[in-house]
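Please study the sequence and the structure shown below.

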Amino acid sequence: MGRLSPDCFDAATAPLRVADAVALIRARLPILSGTETVPLADADGRVLADDVIAPLDLPPFDNAAVDGYALRAADLAAGGETRLPVGGRVPAGHPAGDPGPGAAVRIFTGAPVPAGTDTVVMQEDVRIDDGSVILPGGLVSGANRRRAGEDVARGSTALRAGTRLGPQHIALAAACGLAALPLRTPLTVALFSTGDELTPPGQSLPPAGIFDANRPMLAALLRRLGAVPVDLGILRDEPGPLRARIAEAAASHDLILTSGGASVGEEDHVRAAIEASGRLTFWRLAIKPGRPVALGTVAGTPVIGLPGNPAAAYVTALAVLGPLVLHLSGARDTAPELAIRSGFARGKRPGRREYLRVCLRAGRDGLPEAVPAPGGALSSLAGSDGLVELAEDLTAIRPGDALPYRPHGAVGAGS
């Protein structure tokens with residue numbers, strides 16, 4: 001578990017743009033997670049700590065890309081058909097000797113190409129006659145032959161450090177013969193909700209109370225980001241105990257995540273707790289929804305406070321918490337930049353980045369387009385396919401405009 005220096009940040013007074021906040025995080029914060037060696041079977045979703053250098057060529061030997069016949073291109077007639085005797089048979093997993101000039105070998109997909117041969121002809125393109133193969137004219141030298149190392153060369157970088165591993169990466173590591181990989185240890189994240197009005201789901205709801213939607217939601221997001229959420233419950237609107245619980249969590253976790261209490265109301269105490277026990281980096285973003293986002297450090301542990309409104313907490317979690325967790329975990333941010341066509345018109349106030357919940361539908365031309373999701377804050381979030389981002393300087397959206405799009409399923413994806 002790492003610790004930050006007390007002066008790694010200077011508090012920002014004006015609302016920060018989202019991109020500036022993320023750039024500040026990446027520039028000032030070090031990677032906090034350690035490293036460990038993990039069996040390949042348990043590596044899915046984890047972050048690679050070091051480059052994986054290929055210990056062998058892939059494929060490890062020249063092999064046939066199709067079922068057919070291996071031969072020397074030099075034995076092919078200059079024009080018209082060629083007849084060659086078949087001098088052997090090579091299944092996958094079995095070596096084969098040189099058939100010698102003027103002969104072909106029956107070969108199967110994945111089998112090593114016999115020494116001396118350089119071309120494989122598909123079985124569908126030949127005729128067999130009395131122990132010989134009749135080959136058509138116009139064949140290309142080297143056809144249907146996969147060369148050793150053409151996929152991955154021995155000594156090259158097969159997988160880059162910082163990759164969040166998926167099944168496709170597991171396949172490549174296994175093909176290299178690796179049974180374990182050096183991975184980053186998952187971040188442990190202390191997770192709180194704040195507010196006297198909150199009740200855990202499953203308990204009786206008191207008058208004027210609401211169920212806490214944020215902790216289950218944020219815990220799910222943290223898991224998708226590869227972190228380990230540690231649910232520390234609900235903090236009431238009591239400055240002293242709240243400050244003590246945050247300080248206590250700072251001693252044994254890599255990151256502290258709260259929701260609610262980050263604004264300027266009389267009952268919003270998270271910002272004050274960070275300032276009293278540590279250092280505040282920023283507490284306002286030029287973002288909608290979710291302007292009150294507090295980031296700072298307490299006893300060398302980063303603390304991020306998200307808004308209490310669940311829709312705003314979700315948006316700010318994607319915009320800021322995701323990049324923060326991935327950076328602290330040593331993961332490269334490889335999320336693709338996607339765009340979707342607008343199917344609606346809307347005005348917008350300049351100066352802040354807005355995130356709209358949208359549904360995808362087929363336009364008149366059959367291509368997908370985005371329209372605002374119907375419903376209230378949570379129902380529209382649950383019923384939407386993703387979010388579109390409206391840049392700070394944008395003042396109007398017209399049908400047909402290309403908008404940056406973030407599908408919900410891409411949260412923390414491989415990255």
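How many of the 19 residues of α6 are buried? The model is a predicted one, in which local features need pLDDT of at least 70 and side-chain atom pairs count only at pLDDT 80 or more, while totals for chains, interfaces and linings use all residues. Residues are numbered from 1 along each chain as its sequence is written, and side-chain values use heavy atoms, with hydrogens and water left out.

In α6, 18 of the 19 residues are buried, where buried means under 20% relative accessible area with a 1.4 Å probe, counting protein chains only. This helix covers residues 310-328 and bends by about 45 degrees at A317; the bend is the angle between axes fitted to the seven residues ending there and the seven starting there. At the start of α6, the backbone nitrogen of A311 has a side-chain oxygen of N309 within 3.0 Å. After the helix comes G330, with a positive phi near 80 degrees.

The protein as a whole has seven helices and 28 strands, which are DSSP runs numbered from the N terminus (helices H or I, at least four residues; strands E, at least two). Of its 415 residues, 47% are buried.

Along its principal axes, the C-alpha trace spans about 95 × 55 × 40 Å. The radius of gyration of the protein is 30 Å, whereas a compact globule of 415 residues would have one near 22 Å. This radius is taken over C-alpha atoms, and the globule rule is 2.2 Å times the number of residues to the power 0.38.

Technical notes:
Buried means under 20% relative accessible area, exposed over 50%, partly exposed in between (1.4 Å probe, protein chains only). A polar contact is a pair of N or O atoms within 3.5 Å; within protein, one must be able to donate a hydrogen and the other to accept it, and residues adjacent in sequence count only if both atoms are side-chain atoms.
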